[in-house]
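Subject: Structure handover

Hello,

Here is the structure for your files. My notes on helix packing and aromatic contacts follow below.

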Amino acid sequence: MDSMKDVPRSMRITGMFLFRSAFMEALYGQTPMCIVHAAHAAEILLKARIAQEHPLLIFSKLPKPSQNCHNPSLMDFLEKGRTLSYEELPDQLWNVTGIKIESIDQYRKFGKLRNQIIHFSMASEDKLDRLTLEYSLQFLDPLIENFWGKSMIEFIKRDPDPTIPCQELFQTGILEEMIRSKGFPIDYRLRRILGEESRKAWEEINKLQRILDHAPPALTDDEIEAFVAEVKENPYEEERQKYREKIQNDWDTFLLSF
């Protein structure tokens with residue numbers, strides 16, 4: 001990042017990565033950090049939208065002129081500036097963009113939970129994973145889709161990182177199953193984002209589960225080990241490598257467009 005003009009895009013991408021991580025943490029029940037990361041993601045993403053109008057608008061304190069009287073650099077702002085707090089951002093967002101946060105009580109309550117965890121290592125609420133998912137799906141994801149026309153789910157669908165197999169979770173229907181298992185129905189907006197591929201894969205999961213629930217074990221341990229060994233000797237590794245390269249190129253193109 002070379003100048004202030006790079007700030008909005010850098011913040012958008014960083015905020016989306018953090019949001020993706022918080023969402024997955026909540027699905028896996030990794031509390032309490034899913035609360036902290038989701039609130040942090042919201043703070044960065046709201047600042048990114050404000051900074052899109054002008055980066056200086058996210059600052060509550062600006063660097064003071066130096067004796068050398070040079071124009072302030074990006075480093076001056078990083079080291080000596082102070083940005084708006086989580087609590088101050090909704091008002092600034094409305095003042096700058098005209099976008100009003102309707103779920104302001106939910107936003108503030110979530111910020112208080114984040115502060116409790118950071119400062120006291122405890123929270124006044126239970127089911128923090130459920131609260132994070134509510135905050136994500138009911139508030140933050142619709143808001144950022146309003147900002148930029150993109151959903152955090154797209155980061156899950158496209159991310160090729162092998163250490164976080166988000167694509168596999170999506171393509172196999174497991175991601176949709178995880179969302180449903182937390183008690184969230186797939187409403188119109190979420191279905192539009194997840195798509196029909198996810199629905200069909202989820203239906204296959206449930207169909208297979210119903211069969212397994214009523215069927216005796218089909219494979220012995222030795223047969224399972226033999227099957228695993230055969231998969232490891234997959235003769236289609238070259239095709240798989242080409243696929244990995246394709247999704248990496250698709251991912252790079254997606255990030256450049258964001």
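Axes here are lines fitted to C-alpha atoms, for helices over the stretch in contact, and angles run from 0 to 180 degrees between N-to-C directions. Helices (H or I, at least four residues) are DSSP runs, numbered from the N terminus.

The model is predicted: local features need pLDDT of at least 70 and side-chain atom pairs count only at pLDDT 80 or more, while totals for chains, interfaces and linings use all residues. Residues are numbered from 1 along each chain as its sequence is written, and side-chain values use heavy atoms, with hydrogens and water left out.

Helix packing

Helix H2 (residues 33-53) packs on helix H5 (residues 104-120) at an angle of about 125°, and their axes are 9 Å apart. H2 is therefore oblique to H5 (under 35 degrees is roughly parallel, over 145 roughly antiparallel, 65 to 115 roughly perpendicular, and the rest oblique). In contact terms (heavy atoms within 4.5 Å), the H2 side includes Ile-35, His-40 and Leu-46, and the H5 side includes Tyr-107, Phe-110 and Ile-118.

Aromatic pairs

Rings of Phe, Tyr and Trp (its six-membered ring) pair if their centres lie within 6.5 Å; planes under 30 degrees apart count as stacked, over 60 as edge-to-face and the rest as tilted. The search of the whole structure gives 11 aromatic pairs. In one of them, Phe-155 and Trp-251 are edge-to-face, with 5.5 Å from centre to centre and 90° between the planes. Phe-155 lies in helix H7 (residues 152-158) and Trp-251 in helix H12 (residues 237-257), so this pair ties together parts that are 96 residues apart in sequence.

Phe-155 also pairs edge-to-face with Phe-254, at 5.3 Å centre to centre and 70° between the planes. Phe-254 is in H12 as well, so the pair with Phe-155 of H7 joins parts 99 residues apart in sequence.

Buried means under 20% relative accessible area, exposed over 50%, and partly exposed in between (1.4 Å probe, protein chains only). Phe-155 is buried at 0%, Trp-251 at 6% and Phe-254 at 4%.

Elsewhere, ring pairs link Tyr-86, Tyr-107, Phe-110, Tyr-135 and Phe-139 into a cluster.

Charges over rings

A charge sits over a ring if NZ of Lys or CZ of Arg is within 6 Å of the ring centre and within 35 degrees of the ring normal. Arg-180 has its charged end over the ring of Trp-202, 3.8 Å from the centre. Arg-130 lies over the face of Phe-184, 4.2 Å from the ring centre.

Regards

How values were computed: Helices (H or I, at least four residues) and strands (E, at least two) are DSSP runs, numbered from the N terminus.
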